[in-house]
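Reader: I would like a close look at one helix and what surrounds it. Please keep it brisk.

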Amino acid sequence: MAIRKVARLGTPVLRRIAAEVPPAEIGSPRIQTLIDDLIETMREYDGAGLAAPQIHESVQIVVFEVAGNPRYPDAAPIPLTVLINPQVSPNTDEMEEDWEGCLSLPDLRGRVPRYTSVRVRALDRRGAPLAIETEGFHARVIQHECDHLRGIVYPDRMTSMQSLTFVREHQRYGQD
Ligand code: NI
């Protein structure tokens, strides 16, 4: 296990379409170590989630977890989840704007519209099929992380850049 360097915006890997993981390779040391590194790196930097391209690996794996996260103090807990080759679909046309940040765009926040409810099908780290239906912040985290596998970062989803704010100023001026 290792804490990996996080790719910042401008690094080409963040704009690539990530490759699917062949199911037969999920049990390999390469993929299992990558998953462990994603989890360790996410926790080290207090991320709510992390996608493999963010640690310079262009494959379709994301992890997320929220448990007393200082970057998201008001968020409800989300258990540690590993998604391999995820397919996300909205459960509704309804979208809601809320604040997001990203470890690849350090110190920034912006308001991003997301579907309020999604379902996701994926494989877990043992290669077993996994289905999740969820809403609210949990659904937001899934959409944000899975966007990374398509070369999309949250400013691409913003309808206006006017809310883009540094975290320090966000806290100082209390925008909501
Ligand atoms: Ni991100």
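What should the 16 residues of α1 span at 1.5 Å a residue, and how far apart are its end C-alpha atoms?

Author: First, the ground rules. This is a predicted model, in which local features need pLDDT of at least 70 and side-chain atom pairs count only at pLDDT 80 or more, while totals for chains, interfaces and linings use all residues. Residues are numbered from 1 along each chain as its sequence is written, and side-chain values use heavy atoms, with hydrogens and water left out.

Now the helix. At 1.5 Å a residue, the 16 residues of α1 should span 22 Å. Its end C-alpha atoms are 22 Å apart, which agrees. The expected span is 1.5 Å times one less than the number of residues. Helices (H or I, at least four residues) and strands (E, at least two) are DSSP runs, numbered from the N terminus.

Helix α1 covers residues 29-44 and packs on the sheet. It touches β1, β2 and β3. Contact means heavy atoms within 4.5 Å. The direction of α1 makes about 35 degrees with that of β2. Axes are lines fitted to C-alpha atoms, for helices over the stretch in contact; angles run from 0 to 180 degrees between N-to-C directions. Several α1 residues are buried, among them I31, L34, I35, L38 and M42. Buried means under 20% relative accessible area, exposed over 50%, partly exposed in between (1.4 Å probe, protein chains only). The cover over the buried residues of α1 includes β1, β2 and β3. After α1 comes D46, with a positive phi near 55 degrees.

Next, the sheet. It is open and has 5 strands, in the order β1-β2-β3-β6-β7, with antiparallel pairing. Two strands pair if DSSP finds at least two bridges between them. β1 (49-51) and β7 (129-135) are at the edges, each with a single partner strand, so one side of each lacks a neighbour in the sheet. From one strand to the next, the twist averages 40 degrees. β2 (residues 61-66) and β3 (residues 78-90) are joined by 5 bridges in the antiparallel sense. In this pair, V62 stands opposite L83 of β3. The loop between β1 and β2 holds H56. H56 is not a glycine, yet its phi is positive, about 70 degrees. It counts as partly exposed, at 41% relative accessibility.

α2 lies across β1, β2, β3, β6 (117-123) and β7, at about 125 degrees to β7. Of its 13 residues, 11 are buried, so α2 is largely enclosed by the rest of the structure. Its 13 residues should span 18 Å at 1.5 Å a residue; the end C-alpha atoms are 19 Å apart, which agrees.

C102 (SG), H144 (NE2) and H148 (NE2) coordinate the nickel ion at 2.1 to 2.3 Å. C102 lies in the loop between β4 (95-100) and β5 (108-115) and H148 in α2 (residues 136-148), so this pair ties together parts 46 residues apart in sequence. The donor spacing along the chain is C-x41-H-x3-H. Donors are N, O and S atoms within 2.8 Å of the metal (3.2 Å for Na, K and Ca); water is not among the atoms, so sites may look incomplete. C102 is buried, at 4% relative accessible area. H148 is buried too, at 1%. D107 is in the loop between β4 and β5. D107 counts as exposed, at 53% relative accessibility.
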